Amino acid sequence: MLTLNEVIVTATRTVRQLSSLPLPAQIISKKDISRSNSIRLSDILNEQTGLITVPDFGSSEGVQLQGLDSQYTLILIDGVPLVGRSAGTLDINRITVGNIKQIEIVKGASSSLYGSDALGGVINIITETPKNGFKGNLNYRLGTFNTNDISTAINFKKNDIGVIAFLNKYSSDGYDLIENDNLNTVEPFANYTMNTKVTYDFSDDTDLFVSGRYYTQNQDYISSEDLKGESVINEWNTHLKLSHEYNGKWNSYFEFYATRYKADEYLDTNDGTRFSDNFFNQLMVRPEIRAMYNPNDENSFIGGIGFNRETLDRTDFTTDPEFNSFYTYFQYDGNPTEKTNIILGVRFETHNIYKSQFSPKAALRYELNDKIALKGSVGYGFKAPDFRQLYFDFTNATVGYTVLGYNAVANAISQLEAQGQIANIIVPISEFEGELNPENSVSINIGADYKLSSTLNLNVNVFRNKIKGLIDTRIIANKTNGQNIFSYYNVNKAYTQGLEFNYTWMSSEQLKISGGYQLLFAKDKEAERAFKNEEVFARKNPSSPSFQLEKGDYFGLYNRSRHMLNLKVFYAIPKWGLDTNIRATYRSKYGLQDSNGNGYLDVYDIFVDGYTIIDFAINKTLYKNYQMSFGIDNLLDFTDAQNISNIPGRIIYGKLNIQF
């Protein structure tokens, strides 16, 4: 039978049954993660409908959700955010799946609960908590490219105290997709993740949760035959939560969270001279108080207040910036009738740098009958300007161009003028006297859940994310060396819209088939206007004459595929202690750059061809506590050396799991 009693916390910050939720959300269970033998978060997310991980600046791998860039998706671990977005992307490859209990994904603007960065949605990685008794496990996976993943977890809980400790080491010799150059696509690396949780029950009504996480990575860094160096990342998180239940209706939490992400890299010449040295050191501290009131079984209220403090010390910054924000939020979750569920939420946030934000959200679910339920949600999301967009002061030493953060423009331009480096000012400095505003979005999701039978579930969701105030770059001045000075500004309007379809069929405990499809249109409003007004021209090749483009020739935003599909088949033979699965994903063509020089992505540009990834795994349990696994990721050995750096080719692996 289908498991319909899965519960999710991320969508409402309360425990809710997934099947009754009026929001587009999904859960990835520990069972499915374990059976697939995946080792990093990116492996799992790539197999979900509407999600795709894409490499970004500095080889970081972020997740695109409903066609929105990775910078608009908030990544949480146990309900608290990770930091370290050096160029807008938070690298999810630094997250191991070895101690994950489940992954919760909420699509659509979620700033009413989570504030900035949740403009597109939220992904919450929930890790294991202590269970009764003493137990543990040891996992080891060895694969192609000498990729080693070894982890162990030890669990102890007795009476009022519980402890769980997890350790993971992940290393690889890296890989090279282009043999004719002197550089590797990914250099050798090794990283470690350590995570400890302690729970203590002071009484039946009061309990304490404390966790600590530490991540470190060391990687060789080679820029050319003459430049070699090293990249080192260190990250820690500490999380404390004290909860108390006053009676059957009232309970509250006090939560304290702190995290630091620090990255250092350098390049030296062959004679040992330091060529470059870059550092990134971000600290975030957040206390929060939360209360929940449940007057009856049909209604619940949750509210909270908190404070965020962030600091950053980084190369090429005009100052050591500090963000301070105070926020409060409130949410009502009720069932006015037996078939109707309503969620109303709002968050207000003040900030020392940008304008205050008011983020409402509403969702409704209505059961037409025992088989069909309709649901819809609308919410406001925002993405605050990051430190880089405000305070960057970078000049490329080789080429000579300059990039300035919005708040750094006035002083930097004055200094460059005094040095005689300014040939022409294009954008008056007076335009930078105000504020760089947060990007914002109105997100609409309308869908239906259809329980065709006790073994087959279907759901469909139509979405539209209307984004305003996109932060883009523009040339603000010309330099005497012939190069330009760039800065950031609010200008663009864009949207992503489409349809998602998911199904799960489970004819028995042995067989489960699931899959999904996303149709996506992601476009810039200004580009649409230009094509509609017949202002855009193109050439089929550099020597051919130009011709006028029509409205239908505009393809959309870069790095977005029109079609994405996934299919997963899990089959188990319990009497043999055997289970196997095959998982496939397809991504249609997409464009990475304007190849014909008109500044837009049109149908005459060069596209990356669509591709299919197929993964296979088989697991055999021996003597109850031992499991041996074999698998092949990327069975068809797909690679695209020029355009896709995060797919290394076919990976063959073996895995051993020991329970004790």
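T129 touches N155, I164 and K197 when residues up to four places away in sequence are not counted, a touch or contact being heavy atoms within 4.5 Å. T129 is found in the loop between β9 (121–127) and β10 (133–143), where helices (H or I, at least four residues) and strands (E, at least two) are DSSP runs numbered from the N terminus. The model is predicted, so local features need pLDDT of at least 70 and side-chain atom pairs count only at pLDDT 80 or more, while totals for chains, interfaces and linings use all residues. Residues are numbered from 1 along each chain as its sequence is written, and side-chain values use heavy atoms, with hydrogens and water left out.

- T129 and L470 are 341 residues apart in sequence, and their C-alpha atoms lie 40 Å apart in space.
- T504, which lies in strand β28, is partly exposed as well, with a relative accessible area of 24%.
- From T504 to L458 there are 46 residues in sequence, and the C-alpha to C-alpha separation in space is 6.6 Å.

**Cavities**

- The model holds 5 cavities of 30 Å³ or more, a cavity being a set of points, on a 1 Å grid over the protein atoms alone, where a 1.4 Å probe fits but cannot get out.
- The largest cavity has a volume of about 530 Å³, where volume means the space filled by probe spheres set on the points, and grid points are joined across faces, edges and corners.
- This largest cavity is lined by 35 residues, of which S116, D117, Q282, M284 and E310 are the closest to its centre; a lining residue has an atom within 4 Å of a point.
- At least two lining residues each come from β6 (73–77), β17 (274–296), β18 (299–314), β19 (322–337), β20 (340–351) and α4 (387–391), and the largest share, 5 residues, comes from β18.
- By class, the lining of the largest cavity has 14 nonpolar, 10 polar and 11 charged residues, with Ala, Val, Leu, Ile, Met, Phe, Trp, Tyr, Cys and Pro counted as nonpolar, Asp, Glu, Lys and Arg as charged, and the others, Gly among them, as polar.

**Nonpolar cores**

- The largest nonpolar core has 30 residues, and those with the most contacts inside it are L404, I413, I476 and I485; such a core is a set of buried Ala, Val, Leu, Ile, Met, Phe, Trp, Tyr and Cys residues joined through side-chain atoms within 4.5 Å.
- Two or more residues of this core come from each of β16 (250–269), β17, α4, β24 (402–404), α5 (409–418), β27 and β28 (484–505), and α5 gives the most, with 4 residues.
- Leaving aside neighbours within four places in sequence, L404 is in contact with residues including F392, V409, I413, I476 and I485.
- A second, separate core has 20 residues, among them I44, I75, I105 and I123.

**Strand pairing**

- Strands β22 (residues 372–383) and β26 (residues 439–451) run antiparallel and are joined by 12 bridges, two strands being paired if DSSP finds at least two bridges between them.
- Within this pairing, Y380 stands opposite V442 in β26.
- β26 also pairs with strand β27 (residues 456–479) in the antiparallel sense over 12 bridges, and a hairpin of 4 residues joins β26 to β27.
- F463 in β27 is the bridge partner of N445.
- An open sheet with mixed pairing is formed by 5 strands in the order β3-β8-β9-β6-β7.
- β3 (25–29) and β7 (80–81) stand at the edges of this sheet, each with a single partner strand, so one side of each is left without a neighbour in the sheet.
- β6 and β7 run antiparallel with 2 bridges between them, and the bridge partner of L76 in β7 is P81.

**Positive phi values**

- Most residues other than glycine have a negative phi.
- Q66, which is not a glycine, has a positive phi of about 50°; Q66 lies in the loop between β5 (61–65) and β6 and, at 0% relative accessibility, counts as buried.
- E534 likewise has a positive phi, near 60°; E534 sits in the loop between α6 (525–532) and β30 (537–538) and is partly exposed, with a relative accessible area of 43%.

Note on methods:
On a 1 Å grid over the protein atoms alone, a cavity is a set of points where a 1.4 Å probe fits but cannot get out, and a pocket is an open set with protein on both sides within 12 Å along at least five of seven lines; lining residues have an atom within 4 Å of a point. Buried means under 20% relative accessible area, exposed over 50%, partly exposed in between (1.4 Å probe, protein chains only).
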